[in-house]
Amino acid sequence: MNVEETRLPGIGTRREITVANGRRVGVIQFRDGEMNLLVSQQEDPDCSLAEIPLTTEEAAALGSMLGAPQLVQHLSNQQGGLAGLSTEQIVLPRESPYASQDLGATRLRTRTGVSIVALVRGTNVIPSPGPETDLLAGDVVVVVGTPRGIKSAAQILHEG
C-alpha cells in the first residue's frame with residue numbers, strides 16, 4: 001500500500017491512500033496535534049467529500065478499530081483452529097474502572113484464564129503487554145482464551 005505524504009508548510013502533514021474504488025482517504029495531522037479525517041469525492045480525488053475533525057481520543061479509537069481486526073485474524077490463523085481456543089478484541093470503554101490503571105490491576109489471567117496478547121492503541125500495537133502497562137479508554141485489548149473466559153474478561157474490563 002502506497003501512502004502519499006505531503007508536507008503542508010505551517011500547517012502539518014497530509015497522508016493519504018487511494019482505495020480500490022479510486023477515492024483517496026487520509027488524514028491531515030496539524031502541528032498542534034489535532035487531526036482531520038479526509039475522504040475525497042469519487043469523481044474528483046483532489047476534492048474533499050468530507051473533512052472531519054477528530055480529537056486525539058477519537059483518532060486513537062478509529063485507528064484501533066481499523067487495525068485490531070487484522071491482528072486478531074493473524075492470531076486466529078496462527079492458532080490453526082485449536083479446539084476451544086478463541087481470539088477476541090475488547091474495546092476498553094471510557095467508563096471502565098480500569099481506564100487509566102495498569103493492566104495488572106485487572107488480574108484478568110488469574111480471574112478468567114484469559115491471556116492478553118496485545119493492546120492496540122491508535123495505530124500502535126503493544127505486543128505482550130506487561131502488568132505495568134497502562135490501560136487507556138479506547139484501547140483494544142486482544143485476548144486469547146476459552147469463549148467462556150473471554151466473556152468473563154469482557155465483563156470485567158467493562159464493569160470491574
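**Exercises on strand pairing in a predicted model**

**Exercise 1.** How many residues lie between β2 and β3 in their hairpin, and which glycine in the turn has a positive phi?

*Solution.* In this predicted model, the hairpin of β2 and β3 has five residues between its strands. Gly 22, in the turn, has a positive phi of about 95°. The two strands run antiparallel and are joined by seven bridges, with β3 covering residues 24-30. Within this pairing, Thr 13 lies opposite Gln 29 of β3.

**Exercise 2.** Determine in which sense β1 and β2 pair, and over how many bridges.

*Solution.* Begin with the strand limits: β1 comprises residues 4-8 and β2 residues 12-18. Their pairing is antiparallel and extends over five bridges. Next, locate a facing pair: Leu 8 stands opposite Gly 12 in β2. Finally, inspect the turn: three residues separate the strands of this hairpin, and Gly 10 there has a positive phi of about 80°.

**Exercise 3.** State the strand order of the open four-stranded sheet and identify its edge strands.

*Solution.* The order is β6-β9-β7-β8, and the pairing is antiparallel. Each edge strand pairs on one side only; these are β6 (86-91) and β8 (124-127). From one strand to the next, the twist averages 20°.

**Exercise 4.** Which strands of this sheet does helix α3 touch?

*Solution.* Helix α3, residues 147-159, packs on the sheet and touches β6 and β9 (140-145). The direction of α3 makes about 10° with that of β6.

**Exercise 5.** Identify the bridge partner of Val 120 in β8.

*Solution.* Strand β7 (residues 115-121) runs antiparallel to β8, and four bridges join them. The partner of Val 120 is Val 125.

Key
Residues numbered from 1 in each chain as written. Predicted model: local features only at pLDDT ≥ 70, side-chain atom pairs only at ≥ 80, totals over all residues. Heavy atoms only, no water. Pairing = 2+ DSSP bridges. Axes fitted to C-alpha atoms, helices over the stretch in contact; angles between N-to-C directions. Contact = heavy atoms within 4.5 Å.
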